[in-house]
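Student: I would like to go through this model by asking about its parts in turn.
Tutor: Go ahead, and I will answer from the coordinates.

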Amino acid sequence: QEDDEEVRDYFLDLFDLSSTDEETCTGITLVYPTACVIVVEAEQAVLWDFMKRLHSSELDNAPVNTLKILSSSEDISRRAFNMPYSAFLNEATAAATLIEDSEKLIATASAANISILQLAEKLNALPGNEAQELLSNLRSSFTTFPTQETFTAIIGADDTPSVDEFLSFFGKPVNITLDTDMAWPTPELLEAHL
């Protein structure tokens, strides 16, 4: 990628923000030359609709090759970002080291997630122009922020779920078979005595 506009516009179109106001969706789109990080904050129903649109959309039309879910949280008391942010981070490209160990993947993804939340705190404390300036010079302003190689390694890990895998696991009702359902003869039902 050479700028953030194509990626940002693609994902905003999936939200169909023409029919809603921008406050419905907050977050950040960080576009590197070889990877993108998109943080989406919205009501649960809006997020699930967005996920279903991602699931049904053709990646041939998307400005990205692969979509993976780094993190998902529900029932958060407040949003991390106070508005939708977007920036292109023109960093030199280096080969990403594959993460094959699950524990290392979890630690790396958690650290990246925490860095994104720390970035949100910094952005929310600044007026609009200064926030955009911080994003434009992110590497010098926030030296511990993960590099594009870190995000590429997380995306490339086998254990990082795709949108389809995420929806098949979290988007369906839980189906639990109890031990008593497998027993024969069938156990007697409990009766309430009042």
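Student: How many aromatic pairs does the count come to in this structure?
Tutor: The model is predicted, and side-chain atom pairs count only at pLDDT 80 or more. Rings are taken as a pair if their centres lie within 6.5 Å. By this rule the count comes to 7 aromatic pairs.

Student: Are phenylalanine 142 and phenylalanine 145 buried or exposed?
Tutor: These two residues form a tilted aromatic pair, 5.5 Å centre to centre with 55° between the planes. Relative accessibility is 5% for phenylalanine 142 and 2% for phenylalanine 145. Buried means under 20%, so phenylalanine 142 and phenylalanine 145 count as buried.

Student: Which residues form one aromatic cluster?
Tutor: Tyrosine 32 pairs with phenylalanine 151, and phenylalanine 142 pairs with phenylalanine 145. The members of the one cluster are Tyr32, Phe142, Phe145 and Phe151.

Student: In what order do the strands form the open sheet, and which stand at the edges?
Tutor: The sheet has 3 strands in the order S2-S1-S3, with mixed pairing. Neighbouring strands are turned by 5° against each other on average, direction ignored. Each edge strand has a single partner strand, so one side of each is left without a neighbour in the sheet; these are S2 (36-41) and S3 (84-88).

Student: Which residue is the bridge partner of isoleucine 28 in S2?
Tutor: Strand S1 (residues 26-31) and S2 form a hairpin with 4 residues between them. Their pairing is antiparallel over 6 bridges. Threonine 26 stands opposite glutamate 41 in S2, and the bridge partner of isoleucine 28 is valine 39.

Student: Which strands does H3 lie across, and at what angle does it run to S1?
Tutor: H4 lies across S1 and S3, running at about 35° to S3. H3 lies across S1, S2 and S3, and its angle to S1 is about 110°.

Student: How many nonpolar, polar and charged residues does the contact of H3 with H4 have?
Tutor: The axes of H3 (residues 102-124) and H4 (residues 128-136) come within 9 Å and cross at roughly 145°. Leu119, Lys122 and Leu123 in H3 meet Ala131, Leu134 and Leu135 in H4. By class, that contact has 5 nonpolar, no polar and 1 charged residues.

Student: What distance separates the C-alpha atoms of alanine 62 and glutamate 6?
Tutor: Alanine 62 lies in the loop between helix H2 (44-56) and S3. At 12% relative accessibility, alanine 62 counts as buried. Alanine 62 and glutamate 6 are 56 residues apart along the chain, and their C-alpha atoms are separated by 9.0 Å.

Methods. Residues are numbered from 1 along each chain as its sequence is written. This is a predicted model: local features need pLDDT of at least 70, side-chain atom pairs count only at pLDDT 80 or more; totals for chains, interfaces and linings use all residues. Side-chain values use heavy atoms; hydrogens and water are left out. Axes are lines fitted to C-alpha atoms, for helices over the stretch in contact, and angles run from 0 to 180 degrees between N-to-C directions. Helices (H or I, at least four residues) and strands (E, at least two) are DSSP runs, numbered from the N terminus. Contact means heavy atoms within 4.5 Å. Ala, Val, Leu, Ile, Met, Phe, Trp, Tyr, Cys and Pro count as nonpolar, Asp, Glu, Lys and Arg as charged, and the others, Gly among them, as polar. Two strands pair if DSSP finds at least two bridges between them. Rings of Phe, Tyr and Trp (its six-membered ring) pair if their centres lie within 6.5 Å; planes under 30 degrees apart count as stacked, over 60 as edge-to-face and the rest as tilted. Buried means under 20% relative accessible area, exposed over 50%, partly exposed in between (1.4 Å probe, protein chains only).
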